[in-house]
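This report describes the fold of one protein chain. Please look at the sequence and the structure first.

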Amino acid sequence: MSPTRPLVSFVVPAWNEAAELGGTLDAITAAARATGLAESSETIVVDDDSTDATAAIALAAGARVVPVSLRQIAAVRNAGAAEARGRILVFVDADTRIAAEPLRQALDAIEAGVAGGGARVRFDRPVPWWARAILAAVMLVSRIGRLATGCFVFCTREAFDIAGGFDERYYATEELVFSRALRRA
């Protein structure tokens, strides 16, 4: 890992995420510090017309808030990317806790020439057996298909632009379509 990293922009799409957002932003801050990004990262919360304390929580955590009224996840992610200044974009869902090691691996992969990717998902609380089974199946398909799930997707700004961002024609699975576009990049 090189001692200096380019600016990394964490983009967090959020709609009424007051219950989860604080933990997510704390995890981003901790992972950024642990990977040497404390001074070379920014966090952008794209508040999609929330009616709760989402924006206030984001501001209190030091994030930049981008207010939008789009009601479509791909468009919200793209709005955050449009405001991001980083050469590396990391999209993190508002209910996702990232850790330092997957972030470090993502940064190292980009440094090695990878256009983008994602990380495996795991539950941090006990869940029913069927939820674990579904997650295992999704992770297997994602791994075989080389598809990133939406809760943690990273890429270079250049690859994002070449891929055309998240395809706003999709109201779900937009991250899978984006993964395929990144592969072409």
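In what order do the six strands of the open sheet lie?

## The sheet

The order is β3-β2-β1-β4-β6-β5, and the pairing is mixed. Strands are DSSP runs of E of at least two residues, helices are DSSP runs of H or I of at least four residues, and both are numbered from the N terminus. Two strands pair if DSSP finds at least two bridges between them. At the edges are β3 (64-68) and β5 (116-118), each of which pairs on one side only. On average, neighbouring strands of the sheet are turned by 20 degrees against each other, direction ignored.

The model is predicted: local features need pLDDT of at least 70 and side-chain atom pairs count only at pLDDT 80 or more, while totals for chains, interfaces and linings use all residues. Residues are numbered from 1 along each chain as its sequence is written, and side-chain values use heavy atoms, with hydrogens and water left out.

β5 runs antiparallel to β6 (residues 152-156), and three bridges join the two. Gly116 stands opposite Cys155 in β6.

Helix α4 (residues 100-111) packs on the sheet and touches β1 (8-14), β4 (88-92) and β6; contact means heavy atoms within 4.5 Å. The direction of α4 makes about 25 degrees with that of β6. Axes are lines fitted to C-alpha atoms, for helices over the stretch in contact, and angles run from 0 to 180 degrees between N-to-C directions.

## Helix α1

α1 has 17 residues and spans 25 Å from its first C-alpha to its last, close to the 24 Å expected (1.5 Å times one less than the number of residues). Its buried residues are Leu21, Thr24, Leu25, Ala27, Ile28, Ala31 and Ala32. Buried means under 20% relative accessible area, exposed over 50%, and partly exposed in between, with a 1.4 Å probe and protein chains only.

Seen down the axis of α1, the buried residues fall within an arc of 165 degrees, so they line one face; the arc is that of the directions from the helix axis to the C-beta atoms. Ala19, Asp26 and Arg33 are exposed on the other side of α1. The buried residues of α1 pack against β1, β2 (41-48), α2 (54-60), β4 and α4.

## The nonpolar cores

A nonpolar core is a set of buried Ala, Val, Leu, Ile, Met, Phe, Trp, Tyr and Cys residues joined through side-chain atoms within 4.5 Å. The largest has 24 residues, of which Phe10, Val12, Val45, Val90 and Val92 touch the most other members. α1 gives the most to this core, with five residues.
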